[in-house]
There are 2 protein chains.
Amino acid sequence: MTLNDDVCQMVYVHQDAVEQVRKGMPSKETIRDLSELFKVLGDGSRLRILFALSVHELCVCDLAALLDISPSAASHQLRILRASKIVEYRKEGKNVFYSLNDGHVSNLIREGAEHVCEGREVSYDGNIEPYYG
Amino acid sequence: MTLNDDVCQMVYVHQDAVEQVRKGMPSKETIRDLSELFKVLGDGSRLRILFALSVHELCVCDLAALLDISPSAASHQLRILRASKIVEYRKEGKNVFYSLNDGHVSNLIREGAEHVCEGREVSYDGNIEPYYG
DNA sequence: ATAATATATGAACATATATTCACATATTAA
DNA sequence: TTAATATGTGAATATATGTTCATATATTAT
């Protein structure tokens, strides 16, 4: 298939740029995994869970109470975060304590927060030592 | 409202942790904006548009051809990216050229790509000089 | 054993989202 | 002007997603 075969007639104007871009494009797998990662981060409840866990490990019902959502809702979100390998957990009696898997996602969130908070007071205290399980 | 008032009875065990976490939680506005940012990044078509624009500015129909989507679909996604201030555009005759607004999002994507590509070959050549409009 | 508590799960519902299609707008050329 | 091209937009559809509810499982206490 050639580019712009039946869409744009002016392709020869931008063909060099398009070819340069084509070479730099990530694989389908990278796009798929990356969009899934951002999709997981693109939910307020999950983001708050991750901010919380970046400070201290917490059990499901503490998270539910902290975020003012039902334990069931928290569990559903934690399941998604587990499937994405973003959080890990340990069992202790009746409780299940969740924590961040590593610092990658924490960095992403902090960098994103800096972006959206530009020119605005940031209530998130980035000085707290990140917690990993 | 007190924490865990009718959900968990064992809250006193973890109350210190919960209180510590509460103080570090971002504001509602930060959570809302950040989740929206990640939501915008959580789509394969938009991610590919951003990867492409990080290499070179492109017009709508070049993007459509490159990504094998309709110009209409590309325009819809670009509208979302414009609304999020992630891309900007300049008009030149019948064409509208889009480019990245700044390096923040490019950094986010690169960092995310490194995360998902761990232990896998990365086809995206990060050495290409990023393009900003 | 039964009861109580913490967490997990499946179904159902409501909402959100991406794409397609048809059409509107804008710019240029003839 | 009209015709052609590039882009934008609104409606409609199909799919995806988050939450709630009911229920199941697991662990501890009695």
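The size of an interface is often given as the accessible area lost when the parts come together. The model is predicted, and local features therefore need pLDDT of at least 70 and side-chain atom pairs count only at pLDDT 80 or more, whereas totals for chains, interfaces and linings use all residues. Residues are numbered from 1 along each chain as its sequence is written, chains are lettered from A and ligands numbered from 1 in the order in which they are written, and side-chain values use heavy atoms, with hydrogens and water left out.

The interface brings 65 residues of chain B into contact with 65 residues of chain A, where contact means heavy atoms within 4.5 Å. No salt bridge is found by the rule across the interface of chain B and chain A; a salt bridge requires a side-chain nitrogen of Lys or Arg within 4 Å of a carboxyl oxygen of Asp or Glu. Two residue pairs, both at pLDDT 80 or more, are in polar contact between chain B and chain A. A polar contact is a pair of N or O atoms within 3.5 Å; within protein, one must be able to donate a hydrogen and the other to accept it, and residues adjacent in sequence count only if both atoms are side-chain atoms.

On the side of chain B that touches chain A, at least two residues are supplied by each of α1 (11-24), α2 (28-41), α3 (44-53), β1 (58-59), α4 (60-67), β3 (95-100) and α6 (103-116) of chain B. Helices (H or I, at least four residues) and strands (E, at least two) are DSSP runs, numbered from the N terminus. The residues of this side of chain B comprise 35 nonpolar, 16 polar and 14 charged. Here Ala, Val, Leu, Ile, Met, Phe, Trp, Tyr, Cys and Pro count as nonpolar, Asp, Glu, Lys and Arg as charged, and the others, Gly among them, as polar.

In chain A, three strands form an open antiparallel sheet in the order β1-β3-β2; two strands pair if DSSP finds at least two bridges between them. Strands β1 (58-59) and β2 (87-92) of chain A stand at the edges with a single partner strand each, so one side of each has no neighbour in the sheet. Six bridges join β2(A) to β3 (residues 95-100) of chain A in the antiparallel sense. Within this pairing, E92(A) has N95(A) as its bridge partner, and Y89(A) has Y98(A). The two strands β2(A) and β3(A) form a hairpin with two residues between them, and G93(A) in the turn has a positive phi of about 65 degrees.

Chain B likewise contains an open sheet of three strands in the order β1-β3-β2, with antiparallel pairing. Its edge strands, β1 and β2 (87-92) of chain B, each pair on one side only. Two bridges join β1(B) to β3(B), and C59(B) stands opposite F97(B). Six bridges link β2(B) and β3(B); E92(B) stands opposite N95(B), and K91(B) is partnered by V96(B).
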